[in-house]
Every structure is written in structure tokens, then in C-alpha cells.
Amino acid sequence: MLERIRGAFEKLRLGGDVDSALKEIQRALILSDVDVKLVKELTERVKSRIKEEKRKYPGVSTRDVAYKVMFEEIVELLGGKSRPFPVVPQKILLVGLYGSGKTTTAAKLANWFKKRGLKSLLVCLDTYRPAAYDQLKQLAEKIGVNFFGERNGNPVEIARKALEEDADVYIFDTAGRSSLDEDLMEELQEIKKVVIPEKTLLVIPADMGQVAGREAREFAQKIGIDGVIITKMDGSGKGGGALAACKEAGVPVYFIGTGESIEDLEEFDAERFVARLLGVPDFKALMERFKGTEDLEEVLKGKYDINAFYKQLKAFNEMGPLDKVLKMLGISSLPDDVIEMAQKKFKKYDAIYKSMTKQERANPEIINESRMRRIAKGSGTTLEDVRSFMKDYWRAKKMFEKLKKARNVEKLLKRLRI
Ligand SMILES: Nc1nc2c(ncn2[C@@H]2O[C@H](COP(=O)(O)OP(=O)(O)OP(=O)(O)O)[C@@H](O)[C@H]2O)c(=O)[nH]1
Ligand SMILES: [Mg+2]
């Protein structure tokens, strides 16, 4: 989507000039359907702020100042500072037009809360589309949360009955229409009166681009919304436009949907989003993923020897399938097959690791052909297996050096922000 922005920053970092980087960013934003007016304003602000900050930090190169200013302005454009979504018992009402992703998102949210220890009840208030009931019920079964619904009947009554059930988080999935017409409006207002939701969230697909702003305003006016969830960020080139438009409309984007599966829901944070776009890994997010497994920070501090490699393999193995998030966070340079290997070949690699001497683990460069043969024998694997272990180790080592470099960029950003 905003690949071009990444390209522009990369060029800047490698010594390109500020003007052409800025032009590239303008092009990227417009291609992503960001309103031209907003792009113009951003350009002006970036230019004047670069001048300003250069006066403030005379010792810092123009390029570094530009990097920092562009980063901050793009973050601001796409949403600015975000508030985390409250992980507390609550009632959430999902509204939105036909096919925007409400039902899928309802299930993703239930799963999100489940992971955080809260019990959800998924409630189907869509009695218009006959398949809606089964769709949500099946999703509820799949993630192991409770479901409530009736195939026919009045959505308002169903909502009332649902509230008698026991749950921490009530998630109400409503019917979609092709536009926000009188009927839909009345029904949603009635439901709202009964449910009294803490959060009414509008679900909008990313491919709406800047039109998302108009839709958000309309729903805000007629129904009242507390925030937005933008779905299908994975399949659209217009996500940037949708994000910028929601920011302009003054409604926070709480989550983004990044795929069709249940796990593909991310809490939206503009800074993290842009940082990732630029290839600056967000270590906090990364740490969260590693919670309870290994401390990547520690690994990064030390020397990347075979012990560190093994720690990582073990972490990946225990974490289960790595999802896109982790890959997007900058681990993307870790080859896919190595990640897969962490799960599939773990037993073999585990045995190989255990047959190595302390000295070998700390100094991988000493592992020659004859040592490999010994390791293969000791671990009950083949010479090929040991070779592939070593090959993966060297590749992973390279990746970590990259990650370390990226981290320095983040440090630079922090220092400049003061
Ligand atoms: N790629 C991708 N597809 C998504 C995402 N969210 C939803 N979808 C797909 O979009 C389609 C519509 O999703 P639903 O959840 O049924 O949409 P809905 O708003 O409930 O639709 P109605 O109830 O008919 O108004 C389905 O095929 C989903 O798999 C996403 O984040 N990424
Ligand atoms: Mg639906």
C-alpha cells in the first residue's frame, strides 16, 4: 500500500535529497487516496517545520531532521496519538454498510478479548440475511465463545434478551444495508436505546479510501459513533486515504483488519503503523508477542551466536505460527522457510543444538566439516541436516544485524524528539 513511503524514507536514509523524498511521499499518499488538500497541507508543514527544527538543532543534518519531521507528520496525518482500546467489561455495537466486515470483525473482537481474559457474548442482530445467524454462530464456536441469536424476530427484542445472558463483553453484530437509509437508522437507534453500548463502532472497508470520512461523519451525525474499525487493509491500496479521512472527521480508528482469519485484527496505533511502514520495528509490539517466551531485547544486546539462534527457534516454536504482524514488524528479512522450519524441524534442530559443544555454540565459525559429521552422528541426524542448521543460523544472524541497525534508527528518532 504505502510501499512508496518506505522507499522515499529509505532513499533519504541512503543519502537522497529531501525534495525528491517529499515528492515521493506526496505521490504515495495520493495513490493511497489521501485527499489532495491534506497532502498539500502536509507538504507545507513539512517544509516549514524542517526549517524551524534545523534552527533548533543546528548540529543535526538536514536529512535527519527531514526524516524526523516527515515521520511525525505522516503519523499525524494517519491518526496521530491513539488511545488504546479499553480492556474492560462493556457492550460494543458494530454498525456499518453491507459487506463491510461487521460479522467477521465481531468474531475477531471476541477473540481479541478472549486473549485478554474477558468472556464475550457474540450477539446476532441481523435477521435480514438468513445466513447471518449461522455465520456468526460458526465463528463463535470456532473461537470458543458464547453466541446468542434468533433466526427470526425483532432485533431490538433479541438485544434485550441477550443482555440477560452472562458475559463480560457483549458484542452486537447488526445488519448491513447499501446505504444509511431511514429504516436502518431507526433500527440502529432503537437497538442503541436498549443496549446503551459503551462503544458504537463503525466498520468501514479500507477500499472506501477518503470516502470513509464522509461515511464516518454521516454515521456520527445520525447514530452517534465512538470510533471506527477499518477492515480489509490487506487487500486495498486505499488504506492510507481511509485512515487520513477518519482522522480528519475526528473519529478515532481503534482497530484495523488485516486479513480474513480470526487473528487478523490489530489495535491501530498510527506511530507503530508508520514505524513499521518505514521498516523501523516497534520493539514494544514485538516484545508483546514474545511475552512468556524469550526476551528479544536481551538477544539483541548480546552476540548473535548459536545460543541466541536456538533461543529464537525455541521462542518461535513455542509461539505457534507467526502471523503477519511479526513479519511486518521487521522480521520480514527472516526467510519464510526459516520460520516454518522453526516449527517443522524443531526436533531435529533441537537435537543438533544439544550435540554441539559449548565452544561451538559460542563460536560457530569453528564448525567445520568434521565437526559437522560428529554433530550429525551425536544427534542422530544427517550431515545435510547439520548443514542446513548452519545455513539457517548464518541467515538468521544476518537478519539480526539488520534489526540492530533498524533499532539505531529508532534511537535516533527518540533522541530527536526530545
Ligand atoms: N481480506 C480481508 N477480508 C475481510 C476482512 N474483514 C472481512 N473480510 C471479508 O469480507 C467479507 C464480508 O465480511 P462480513 O463480516 O460478512 O461483512 P458484514 O459487514 O457482516 O456483511 P453483511 O452482514 O452482509 O452486511 C467476507 O468475505 C470476509 O471474509 C479483512 O480484514 N481482510
Ligand atoms: Mg454480517
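The shell around ligand 1 holds 2 nonpolar, 12 polar and 7 charged residues. Here Ala, Val, Leu, Ile, Met, Phe, Trp, Tyr, Cys and Pro count as nonpolar, Asp, Glu, Lys and Arg as charged, and the others, Gly among them, as polar. This is a predicted model: local features need pLDDT of at least 70, side-chain atom pairs count only at pLDDT 80 or more, and totals for chains, interfaces and linings use all residues. Residues are numbered from 1 along each chain as its sequence is written, while chains are lettered from A and ligands numbered from 1 in the order in which they are written.

**Ligand 1**
- Of the 21 residues around ligand 1, the nearest are G101, T103, T104, G176 and G257. A residue is near if its C-beta atom, placed from the backbone, lies within 6 Å of the molecule.
- Helix α5 (residues 102-115) gives the largest share of this shell, 3 residues. Helices (H or I, at least four residues) and strands (E, at least two) are DSSP runs, numbered from the N terminus.

**Helices α5 and α6**
- α5 packs against helix α6 (residues 130-143) at about 20 degrees, with the axes 10 Å apart. Axes are lines fitted to C-alpha atoms, for helices over the stretch in contact, and angles run from 0 to 180 degrees between N-to-C directions.
- The two helices are therefore roughly parallel. Angles under 35 degrees count as roughly parallel, over 145 as roughly antiparallel, 65 to 115 as roughly perpendicular and the rest as oblique.
- From α5, T103, A106, A107, A110, N111 and K114 make the contact; from α6, A132, Q135, L136, L139, A140 and I143 do. Contact means C-beta atoms, placed from the backbone, within 7 Å.
- By class, this contact has 8 nonpolar, 3 polar and 1 charged residues.

**Helices α7 and α8**
- Helix α7 (residues 155-162) and α8 pack at about 20 degrees, with axes 9 Å apart. They are therefore roughly parallel to each other.
- P155, V156, A159 and R160 of α7 meet E187, E190, I191, V194 and V195 of α8.
- This contact has 6 nonpolar, no polar and 3 charged residues.

**Positive phi outside glycine**
- I196 is not a glycine, yet its phi is positive, about 50 degrees. I196 lies in the loop between α8 (182-195) and β5 (199-205).
- I196 is exposed, with 9 other C-beta atoms within 10 Å. A residue is buried if 20 or more other C-beta atoms lie within 10 Å of its own, exposed if 12 or fewer, and partly exposed in between, with C-beta atoms placed from the backbone.
- K232 has a positive phi near 60 degrees. K232 sits in the loop between β6 (227-231) and α10 (239-249).
- K232 counts as buried, with 24 C-beta neighbours inside 10 Å.

How values were computed:
Contact = placed C-beta atoms within 7 Å.
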